[in-house]
Amino acid sequence: MERRSLLASILIHAAALLLAAVIVAPIFWLFVMSISPAADLVARPLRWWPGTMDFSRYATLLSTIPNSAGANFVASLVNSILVAGMATVAAVVLAVPAGWAVSRTPSVGWSLSLVIATYMLPPVALAVPLYMALATFGLLNSVFGLALVYLTILAPFTTWLMKSGFDGIPREIEQAAMMDGASLLATLRIITLPLAMPIVATAALFAFLLGWDEFFYALLFTSDQRARTLTVAIADLAGGRVSDYGLIATAGVLAALPPVLVGLIMQRALISGLTSGGVKG
C-alpha cells in the first residue's frame with residue numbers, strides 16, 4: 001500500500017480542520033448569540049463570549065402557555081415536522097416506482113427530463129395556479145394542502161435521485177430472479193429495493209431538508225398557526241421595528257436541531273448512498 005508523506009498528511013488534516021471551522025463557526029456564533037444578554041449583542045467592541053449566559057430565550061420559545069410566543073413557535077415547529085414529513089414520505093413512495101420505471105425504460109426518460117425542467121421556472125410563476133387549486137379544494141392554510149404543494153417540488157427531485165440509484169443496479173440481477181420464478185413485485189421487494197436502500201435514504205434526507213427549509217410557498221399559503229411553518233415564524237420574529245436578535249438566534253438554533261438529528265441518524269445510509277455506484281464489482 002502506498003504510504004502518504006508526512007507533509008501530505010499535515011496538509012490534509014489542516015484542510016479538514018479549516019473546512020470544519022468554516023462550517024461550525026456560524027452555528028457556534030448563532031448559539032453564542034442565543035445565550036448572550038441583549039447588551040452584549042450591541043456592545044462595542046464585540047464580545048466573543050457573554051459575561052453572563054442567559055438561557056431564558058429557550059424557555060420563552062419552548063413555553064406551552066396558550067397564546068404565548070412559545071406556544072406559537074412550538075405549533076410552527078410541529079407544523080414543519082408534519083408538512084416536511086408527509087411530503088417526504090409521499091415523494092419517496094412516488095419516486096421509487098417512477099425512478100425504477102424510467103431507469104428500466106430509457107425510451108420514456110424524456111418525461112422525467114420534462115418534469116425536471118419545471119425547476120427552471122421561478123416559484124412565483126407557479127404561485128397563482130397553485131393558490132387557485134388549493135382554494136378550489138379548500139386546502140388553503142392547511143398542513144395537508146401545504147404538504148401537497150411541497151410534493152410538487154420534492155417528487156421530481158427524488159425521482160431523479162432514485163433513477164440514478166436504480167441505474168447502478170445491474171438489470172441481470174432482476175432478470176435472474178424472474179427466471180427463477182419470482183414475479184415483478186417480488187423481485188422489486190426482495191432484490192431491487194434492498195440494494196437501493198442507500199439511495200432511498202439519501203433521497204428521503206434531501207427531500208426532508210428541502211421541505212424543512214422552504215419559505216416562499218409557506219408564506220403565501222398559510223395565514224395563522226393552524227399551518228404556519230417554522231421558517232415563516234422565524235421571519236415574523238424579525239419583522240418588527242425592534243428585533244431581539246438573541247431571540248432570532250435562539251429560534252435558529254432550535255430550528256436546526258431536527259434536521260441535524262435526522263442527518264446524524266441517517267449518516268451511514270447517506271454516505272453509503274452518495275458513494276453507491278462509485279466502485280464496480
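Before the details, the conventions: residues are numbered from 1 along each chain as its sequence is written, and side-chain values use heavy atoms, with hydrogens and water left out. Since we are looking at a predicted model, local features need pLDDT of at least 70 and side-chain atom pairs count only at pLDDT 80 or more, while totals for chains, interfaces and linings use all residues.

On confidence, the mean pLDDT (the predictor's confidence in each residue, from 0 to 100) is 85 for the protein chain, with 92% of its residues reaching 70 or more. Where pLDDT is low, the predicted coordinates should not be read in detail.

Turning to the fold, the protein chain has 13 helices and zero strands, where helices (H or I, at least four residues) and strands (E, at least two) are DSSP runs, numbered from the N terminus. The C-alpha trace spans about 75 × 65 × 35 Å along its principal axes.

Helix α4, residues 69-104, has 36 residues and should span 52 Å, which agrees with the 52 Å between its end C-alpha atoms. Even so, α4 bends by about 30 degrees at A95, with the proline P97 following within four residues; a bend here is the angle between axes fitted to the seven residues ending at a residue and the seven starting there. In α9, by contrast, the 30 residues would reach 44 Å as a straight helix, but the end C-alpha atoms are only 37 Å apart, and a kink of about 55 degrees lies at M197, shortly before the proline P198.

What lines the largest cavity? On a 1 Å grid over the protein atoms alone, a cavity is a set of points where a 1.4 Å probe fits but cannot get out, and lining residues have an atom within 4 Å of a point. The count comes to one cavity of 30 Å³ or more, and the largest has a volume of about 40 Å³. Its lining consists of S80, A84, Y150, G211, W212, E214, T229 and T231, with α4 and α9 (184-213) as the elements giving two or more residues.

Finally, the second largest pocket, a pocket being an open set with protein on both sides within 12 Å along at least five of seven lines, has a volume of about 290 Å³. Its lining includes P122, P123, L126 and Y217, and the largest share, four residues, comes from α6.

Technical notes:
The expected span of a helix is 1.5 Å times one less than its number of residues. Grid points are joined across faces, edges and corners, and a volume is the space filled by probe spheres set on the points.
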